[in-house]
Amino acid sequence: MSDRPVYEFPADLIEKLRAARHVAVLTGAGVSAESGIPTFRDALTGLWAKYDPMTLATREAFQENPRLVWEWYTWRRNRVGEADPNPAHYALVEIERRVPHFTLITQNVDGLHHRAGSVHVIELHGNITRVKRFDDDVIVERWEDNGLDPVRCPDTGSLLRPDVVWFGELLPAEALQTAQAAAVNCDIFFTIGTAAMVEPAASLPRLAMNYGTPVVIVNPAVTLRSSSSLYLLKGPAGQILPALVQATWGV
Ligand code: OAD
């Protein structure tokens with residue numbers, strides 16, 4: 001016998017999901033929690049405990065000490081490399097296979113949605129596994145790191161940095177526009193594992209709601225009253241999402 005908790009989902013939510021032509025999803029750090037990836041703030045343990053992320057994830061910090069910021073991201077990238085997608089990531093792949101149009105908008109920089117097999121992924125905050133030139137944002141595939149000096153592009157000499165959005169930087173405009181269009185045009189909008197406090201991502205569920213679209217929140221730590229257009233599915237995404245897929249499509 002399985003010791004998995006049994007979830008009861010509202011019947012009208014299952015019907016809406018089965019009938020949906022376009023499902024849009026916003027994910028945040030909570031989706032990767034069950035893969036063992038600490039959230040932004042929890043990440044500062046051990047060696048990095050004395051640093052404040054606000055003082056590392058900015059252009060100013062990088063300009064002041066590129067080597068320090070590079071090392072922090074190398075450490076985080078290694079942790080991401082050791083992690084695997086969890087059942088929440090895989091359940092989203094299943095949903096994408098079953099609805100005609102699916103848009104996955106993520107604030108996570110760990111690339112786990114791609115690794116799980118999701119196809120239509122918008123990475124609003126970039127991807128920690130990619131590196132780009134500080135001077136002109138061109139992605140660079142190869143570089144040399146002697147473990148001491150700031151790492152530079154072998155072609156132009158520009159400093160190299162992670163391809164993520166730092167505090168104070170603008171989100172990639174096209175990605176944001178595509179995400180907003182999905183929020184406006186979808187039939188159901190999911191907000192999964194995000195505190196939805198950091199703009200402009202946080203405004204996406206509101207945008208969907210303003211268009212009368214049902215919004216589903218998956219989070220173990222949110223207390224809200226469900227209504228006909230707002231569904232709160234309280235619990236870890238790695239349990240809720242596979243159960244929802246099972247209840248909707250029997251898989
Ligand atoms: P947060 O760390 O702010 O929120 C994580 C949310 O996940 C919380 O609401 C938790 O309750 C929830 N959570 C925890 N475990 C969960 C689980 N197993 N299943 C489902 N939910 C769970 O992370 P984000 O909302 O992603 O920005 O933060 C957004 C942005 O703020 C980040 O991308 C980063 C940060 O500043 C930049 O780096 C630009």
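**Salt bridges and domain contact in a predicted model**

Good morning. I begin with E94, which counts as partly exposed at 24% relative accessibility. Please note that the structure under discussion is a predicted model.

E94 forms a salt bridge with R97, and the closest N and O atoms of the pair are 3.3 Å apart. R97 is exposed, with a relative accessibility of 61%. Because R97 and E94 stand 3 residues apart in helix α5, residues 87–98, about one helical turn separates them. In general terms, side chains of opposite charge can pair when their charged atoms come close.

How many salt bridges does the structure hold? The count is 14. I shall take up a few of them.

R67 takes part in two pairings that I wish to show. In one, its side chain meets that of E71 at 2.9 Å, N to O. Both residues belong to helix α4, which spans residues 66–82, and they are 4 residues apart, about one turn of the helix. R67 itself is buried, at 12% relative accessible area, while E71 is partly exposed at 32%.

In the other pairing, the side chains of R67 and D145 form a salt bridge at 2.7 Å, N to O. R67 sits in helix α4 and D145 in the loop between β5 and β6, so this pair ties together parts that are 78 residues apart in sequence. D145 is partly exposed, with 38% relative accessible area.

There is also a network of salt bridges, which links E123, R130, K132, D137 and D163. D137 is placed in the loop between β4 (126–133) and β5 (139–140), and it is partly exposed, with a relative accessibility of 44%.

I turn now to the domains. The assignment gives domain 1 as 1–37 + 85–125 + 171–251, and domain 2 as 41–82 + 138–164. Their contact takes 6 residues from each of domain 1 and domain 2. The C-alpha centres of the two domains lie 30 Å apart.

What area do domain 1 and domain 2 bury between them? The value is about 380 Å², with 56% of it on carbon and sulfur atoms. On the side of domain 1, V109, R115 and H125 lose the most area to domain 2, and together they account for 59% of what that side buries. The residues of domain 1 that touch domain 2 comprise 2 nonpolar, 2 polar and 2 charged. Between the domains there are 0 salt bridges and 1 residue pair in polar contact.

V164 is found in strand β6, residues 160–164. It is buried, at 6% relative accessibility. Beyond its sequence neighbours within four places, V164 contacts residues including V109, H125 and G126. V164 and G126 are 38 residues apart in sequence, yet their C-alpha atoms are 4.2 Å apart in space.

I close with two further buried positions. H113 lies in helix α6, residues 112–116, and is buried at 3% relative accessibility. Apart from residues up to four places away in sequence, H113 touches T27, V31, H89, L92, L104, T106, S118 and V121.

T191 is placed in strand β7, residues 188–192, and is buried with a relative accessible area of 5%. Setting aside neighbours within four places, its contacts are L26, P205, V215, V216, I217 and V218.

Thank you for your attention.

Conventions: Residues are numbered from 1 along each chain as its sequence is written. This is a predicted model: local features need pLDDT of at least 70, side-chain atom pairs count only at pLDDT 80 or more; totals for chains, interfaces and linings use all residues. Side-chain values use heavy atoms; hydrogens and water are left out. Domain bounds come from an automatic or database domain assignment. Contact means heavy atoms within 4.5 Å. Buried area is the accessible area (1.4 Å probe) that two parts lose on being put together, summed over both. A salt bridge is a side-chain nitrogen of Lys or Arg within 4 Å of a carboxyl oxygen of Asp or Glu. A polar contact is a pair of N or O atoms within 3.5 Å; within protein, one must be able to donate a hydrogen and the other to accept it, and residues adjacent in sequence count only if both atoms are side-chain atoms. Ala, Val, Leu, Ile, Met, Phe, Trp, Tyr, Cys and Pro count as nonpolar, Asp, Glu, Lys and Arg as charged, and the others, Gly among them, as polar. Helices (H or I, at least four residues) and strands (E, at least two) are DSSP runs, numbered from the N terminus. Buried means under 20% relative accessible area, exposed over 50%, partly exposed in between (1.4 Å probe, protein chains only).
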